[in-house]
Amino acid sequence: MTLTRPRSWRIELPAGMFLLNDNQRLDRRRKAEHIAVIRQTTAYTARHAKLPELERAHVFYVVHPDKKTRSRDPGNWSPSAKAAIDGLVDAGLLPDDNSTRLLGPDPRLGTARAKTQMALVITDLTSIHPDHLALLNPPGDLT
């Protein structure tokens, strides 16, 4: 069996863009405003990059914290990742973000930068061999 690397793309949200994290205490209205901005920016960025429509994808979100950020737990930025994934669906990249269409999003920590930035690494799963796809999921029954 020959391993063929599936197609992948990387899109970056603007550096310094306000990102939501689990440690913030925002009122519902402000949080909804930030979600809308992340979602719209991701949709625009994906369309501008001319990413193809995918049936299934795996997504990593990479957080590049600013150099003064001490807490570096990339999972804390999951609210921003959720909004970004919704933006990919809005852009038509994925038909839906349910478990039949999306694997992830999985957090990764990138190198520190002058301003905090989030990037999405999107991998097409339609061309990956089922045996290799199984390696991306935990083994056995999770119930």
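A salt bridge is a side-chain nitrogen of Lys or Arg within 4 Å of a carboxyl oxygen of Asp or Glu. By this rule the structure contains nine salt bridges. The model is predicted, so local features need pLDDT of at least 70 and side-chain atom pairs count only at pLDDT 80 or more, while totals for chains, interfaces and linings use all residues. Residues are numbered from 1 along each chain as its sequence is written, and side-chain values use heavy atoms, without hydrogens or water.

Three of these pairs are listed below.

| Salt bridge | N to O distance |
|---|---|
| Arginine 10 and glutamate 12 | 3.1 Å |
| Arginine 113 and glutamate 12 | 3.9 Å |
| Lysine 82 and aspartate 86 | 3.0 Å |

Arginine 113 lies in the loop between strand 3 (102-109) and strand 4, and glutamate 12 lies in strand 1, so their pair ties together parts that are 101 residues apart in sequence. Helices (H or I, at least four residues) and strands (E, at least two) are DSSP runs, numbered from the N terminus. Lysine 82 and aspartate 86, by contrast, both lie in helix 2, four residues apart, or about one turn of the helix. These two residues also belong to a network of salt bridges with Arg39, Asp90 and Asp97.

Buried means under 20% relative accessible area, exposed over 50%, and partly exposed in between (1.4 Å probe, protein chains only). Aspartate 86 is buried at 13%, whereas lysine 82 is partly exposed at 43%. Glutamate 12 is partly exposed at 35%, as are arginine 10 at 40% and arginine 113 at 25%.
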